[in-house]
Amino acid sequence: ITGGQSFFARSEIKDIMAYFRLAVNSDDDNALLRIINVPRRGIGPQTLEKIGKFAHQQSCSLFEACCHPGIKTQLSTQAFHNIQAFAELINRAAHAVDSEGEPATDAVASLLNNIHYEDWLFENSPSTAAAEMRVRNVNELHGWVTGMLRGSDNNEPLTLSQVVSKLMLRDMLSRQEDDDDSDQVQLMTLHASKGLEFPYVFLVGMEEGLLPHQSSVDVGNLEEERRLAYVGIT
């Protein structure tokens, strides 16, 4: 999609993938930094800085530092409890997803429920419609993950670690395709096509209700729709 955003580039997909990445690899510091306070759980920059310094002293990952008994002496009581709750959440998920089939799918569903991410999206999206779209994206990702964990007639069930590797590879390949100038179909709106030329053009949805769009028909703004059709044809 020309000018569109890759599915894996969306913030909600990056968030959920970061949870999965951390569940299968506790040494993934980048994943931890992304989601340790998403949704908000009272772990701010100062707390993260203290955890980072402690991890450096101990020569360990950030998550190992969160689980280390000595971290208690570095943090306030409330910050320590917040870190403990986060570490327990990830550890429970890590132990539960280390399997195939239904146990792993149940663990993934439980992780998504426990972080209350859907509620957080509705609280932090600019509109209800935007939140609903982001929730649909998360559900789409969840569907992919569940399908790969369960397997199908043609594919063996995978572990979550294998699923994460597969999806990260798919993301990398899609970014390479975006950078590739080879021949491919480009899907775009009529607005975006203005000034561009292609050897072959297919105008889809050339039917009343779509073009002219019903909203334009309702307000009597057919002239703008004619201009858009002209842009596409020329």
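Mentor: Let us begin with Asp171, which counts as buried at 16% relative accessibility; the model is a predicted one.

Trainee: In which helix does Asp171 lie, and which residues does it touch when those up to four places away in sequence are not counted?

Mentor: A residue counts as buried when its relative accessible area is under 20%, and the 16% of Asp171 therefore falls in that class. Asp171 belongs to helix H9, which covers residues 160-179. With residues up to four places away in sequence set aside, the contacts of Asp171 are Ser6 and Phe8.

Trainee: Is Ser193 buried or exposed, and which residues does it touch beyond four places in sequence?

Mentor: Ser193 is found in the loop between H9 and helix H10 (214-219), and with a relative accessible area of 15% it is buried. Leaving out residues up to four places away in sequence, Ser193 touches Met188 and Val231.

Trainee: How are H6 and H8 oriented to each other, and which residues make the contact?

Mentor: The axes of H6 and helix H8, residues 128-150, come within 8 Å and cross at roughly 160°, and the two helices are therefore roughly antiparallel to each other. H6 passes H8 in a right-handed crossing. The contact is made on the H6 side by Glu102, Ala104, Thr105, Val108, Ala109 and Leu112, and on the H8 side by His142, Val145, Thr146, Leu149 and Arg150.

Trainee: What span should the 23 residues of H8 have, and how far apart are its end C-alpha atoms?

Mentor: Several residues of H8 are buried, among them Val145, Thr146 and Leu149, and just after the helix Gly151 takes a positive phi of about 80°. At 1.5 Å a residue, H8 should span 33 Å, and this agrees with the distance between its end C-alpha atoms, which is 32 Å.

Trainee: At what angle do H1 and H7 pack, and which residues of the two helices meet?

Mentor: Helix H1, residues 11-24, packs against H7 with the axes 12 Å apart and at an angle of about 150°, which makes H1 roughly antiparallel to H7. The crossing in which H1 passes H7 is right-handed. The residues that meet are Ser11, Glu12, Asp15 and Ile16 in H1 with Tyr117, Trp120 and Leu121 in H7.

Trainee: What is omega for the cis peptide bond from Val38 to Pro39, and what is it for the one that joins Leu211 and Pro212?

Mentor: Most residues other than glycine have a negative phi, and most peptide bonds are trans. Pro39 lies in the loop between helix H2 (29-35) and helix H3 (45-58), whereas Pro212 lies in the loop between H9 and H10. For the bond from Val38 to Pro39 omega is near -5°, and for the bond that joins Leu211 and Pro212 omega is about 5°.

Trainee: What phi does Ser59 have, and what phi does His116 have?

Mentor: Ser59 is found in the loop between H3 and H4 and is exposed, with a relative accessible area of 68%, while His116 is found in the loop between H6 and H7. Neither residue is a glycine, yet Ser59 has a positive phi of about 55°, and His116 has a positive phi of about 55°.

How values were computed: Residues are numbered from 1 along each chain as its sequence is written. This is a predicted model: local features need pLDDT of at least 70, side-chain atom pairs count only at pLDDT 80 or more; totals for chains, interfaces and linings use all residues. Side-chain values use heavy atoms; hydrogens and water are left out. Axes are lines fitted to C-alpha atoms, for helices over the stretch in contact, and angles run from 0 to 180 degrees between N-to-C directions. Helices (H or I, at least four residues) and strands (E, at least two) are DSSP runs, numbered from the N terminus. Angles under 35 degrees count as roughly parallel, over 145 as roughly antiparallel, 65 to 115 as roughly perpendicular and the rest as oblique. A crossing is left-handed if the near helix is turned anticlockwise from the far one by less than a right angle, and right-handed if clockwise. Contact means heavy atoms within 4.5 Å. Buried means under 20% relative accessible area, exposed over 50%, partly exposed in between (1.4 Å probe, protein chains only). The expected span of a helix is 1.5 Å times one less than its number of residues.
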